[in-house]
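Please look at the structure first.

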Amino acid sequence: MAAVAPGSGASREEEGTSGDAATPQPPAPTSAPGARLSRLPLARVKALVKVDPDVTLAGQEAIFILARAAELFVETIAKDAYCCAQQGKRKTLQRRDLDNAIEAVDEFAFLEGTLD
């Protein structure tokens with residue numbers, strides 16, 4: 001069995017007995033400087049949270065969790081809207097695709113009428 005260079009992403013367990021490498025695993029998230037855990041700017045999320053008069057204090061962890069939840073929400077609704085666009089043989093999202101996604105998915109029922 002051949003040794004694997006450090007940092008190459010493959011370990012000895014991933015290699016099969018026939019010498020073929022198994023499917024590479026995605027790299028684990030790192031805490032290296034410059035690596036972002038959130039795609040949304042946390043300062044902007046914190047500013048939005050402070051607009052709510054009911055919120056007096058919000059910790060950095062709470063801001064991060066809210067930012068991550070917003071990312072997942074946008075990703076989910078965008079994927080569903082894109083599926084609606086594909087059904088119409090289009091690649092560009094339009095407002096009607098968001099409307100269709102909101103109507104089709106029960107979890108988005110709270111959004112009905114918000115785009116009007």
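**Charged side chains**

Asp99 is partly exposed, at 24% relative accessible area (buried is under 20%, exposed over 50%, partly exposed in between; 1.4 Å probe, protein chains only). This is a predicted model: local features need pLDDT of at least 70, side-chain atom pairs count only at pLDDT 80 or more, and totals for chains, interfaces and linings use all residues. Residues are numbered from 1 along each chain as its sequence is written, and side-chain values use heavy atoms, with hydrogens and water left out.

Q: Which residue forms a salt bridge with Asp99?
A: A salt bridge is a side-chain nitrogen of Lys or Arg within 4 Å of a carboxyl oxygen of Asp or Glu. Here the closest N and O atoms are 3.7 Å apart. The partner of Asp99 is Arg95.

Q: Why are Arg95 and Asp99 separated by about one helical turn?
A: Both lie in helix α3 (helices are DSSP runs of H or I, at least four residues, numbered from the N terminus).

Q: Which residues do salt bridges that share partners join into one network?
A: Arg39 and Glu75 meet in a salt bridge at 3.9 Å, N to O. Lys79 forms a salt bridge with Glu75, with the closest N and O atoms 3.2 Å apart. The network joins Arg39, Glu75 and Lys79.

Q: Is Arg39 buried or exposed?
A: Arg39 has a relative accessible area of 64%. Exposed means over 50%, so Arg39 is exposed.

Technical notes. Helix = DSSP H or I, 4+ residues; strand = E, 2+ residues; numbered from the N terminus.
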